[in-house]
Amino acid sequence: MIGFLRICTLVVVIKLALSACIHTSSTRCSTPATVNLAIQLRLARNAISADSILLASENTDNRGDNTTVTMIEGETNVCPGNLNEIESTMDTMIRHRSTCPFFMVSEHNPYRFPTTLPSVRCRCQNCLERNGRSEENVCEPVYVTEVVLMRGGCENGVYQYNPTEIKIQVACTCAKAREVESSPPQYDGPTPL
């Protein structure tokens, strides 16, 4: 009889353990198959209007806190002293011959599809000239709007991905420096009527 009770107790414990495992696995969330995300991304990009053209420089960072930026191997982020220091052979890429040279980076975000995107960064703050760097013209980033899928909440054990427009820096261009708005002079006297 005692042996029978031990077996029954053991069976109950095993059933509880199995139900706990099954319950735990059903509350976990998985990522959809890459092919499904690729199809969803293609459909989202086709739904966006063709007005997704190059954007002017903006001081907004829409990469989110989960993005890491890594310089591509073989690139340099050093600004040359002047145009004479730039290689200008037929094989030299335009990003290295530009008056605003730039370098390639890789942006990785595990909560985005695609997780890794190429981007660029300006090597110089001021445009290069023959005898040095310009005092009047600056290097401005050029952005393009791109649709990606950002991971959202979990439904039925699968993460949901939502189409999101982000700005990706694709080049740097030489532009006249923006004028800084001057604030009105401070007046220490009595307030005028």
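I take buried to mean under 20% relative accessible area, and with that cut-off in hand I looked up the whole chain, where 25% of the 193 residues count as buried. I keep in mind throughout that this is a predicted model.

**Entry 1: the chain as a whole**

I checked the confidence and noted that the protein chain averages a pLDDT of 78, with 71% of the residues scoring at least 70. I then listed the elements and found three helices and eight strands, which run α-α-β-β-α-β-β-β-β-β-β when I read from the N terminus on.

**Entry 2: stretches to read with care**

I marked residues 1-26, where pLDDT stays under 50 and the model has zero contacts beyond four places in sequence. I also marked residues 53-63, where pLDDT again stays under 50, although here the model has 25 contacts beyond four places in sequence.

**Entry 3: Leu43**

I located Leu43 in helix α2, which covers residues 34-47. Is Leu43 buried or exposed? I found a relative accessibility of 56%, and because exposed means over 50%, Leu43 counts as exposed. I also noted that Leu43, together with Val35 and Ile39, makes a nonpolar surface patch of about 290 Å².

**Entry 4: Thr67**

I placed Thr67 in the loop between β1 (54-55) and β2 (68-71). Its relative accessible area is 11%, so I count Thr67 as buried.

**Entry 5: Asn126**

I found Asn126 in strand β6, residues 126-129. Its relative accessibility is 24%, which lies between the cut-offs of 20% and 50%, and therefore I wrote it down as partly exposed. Leaving aside neighbours within four places in sequence, I saw Asn126 in contact with Arg133, Ser134, Glu135, Asn137, Val138 and Cys139. Looking at Ser134, I noted that its backbone oxygen lies 2.9 Å from a polar atom of the Asn126 side chain. Looking at Asn137, I noted that its C-alpha atom is separated by 6.0 Å from that of Asn126, while the two residues are 11 residues apart along the chain.

Conventions. Residues numbered from 1 in each chain as written. Predicted model: local features only at pLDDT ≥ 70, side-chain atom pairs only at ≥ 80, totals over all residues. Heavy atoms only, no water. pLDDT = per-residue confidence, 0-100. Contact = heavy atoms within 4.5 Å. Patch = residues over 30% accessible without salt bridge, like charges linked within 9 Å, V, L, I, M, F, W, Y side chains within 5 Å. Areas by Shrake-Rupley, 256 points an atom, 1.4 Å probe, with all protein chains shown as cover. Salt bridge = Lys/Arg side-chain N within 4 Å of Asp/Glu carboxyl O. Helix = DSSP H or I, 4+ residues; strand = E, 2+ residues; numbered from the N terminus. Buried < 20%, exposed > 50% of the residue type's maximum accessible area, 1.4 Å probe, protein only. Polar contact = N/O pair within 3.5 Å; in protein donor to acceptor, adjacent residues only side chain to side chain.
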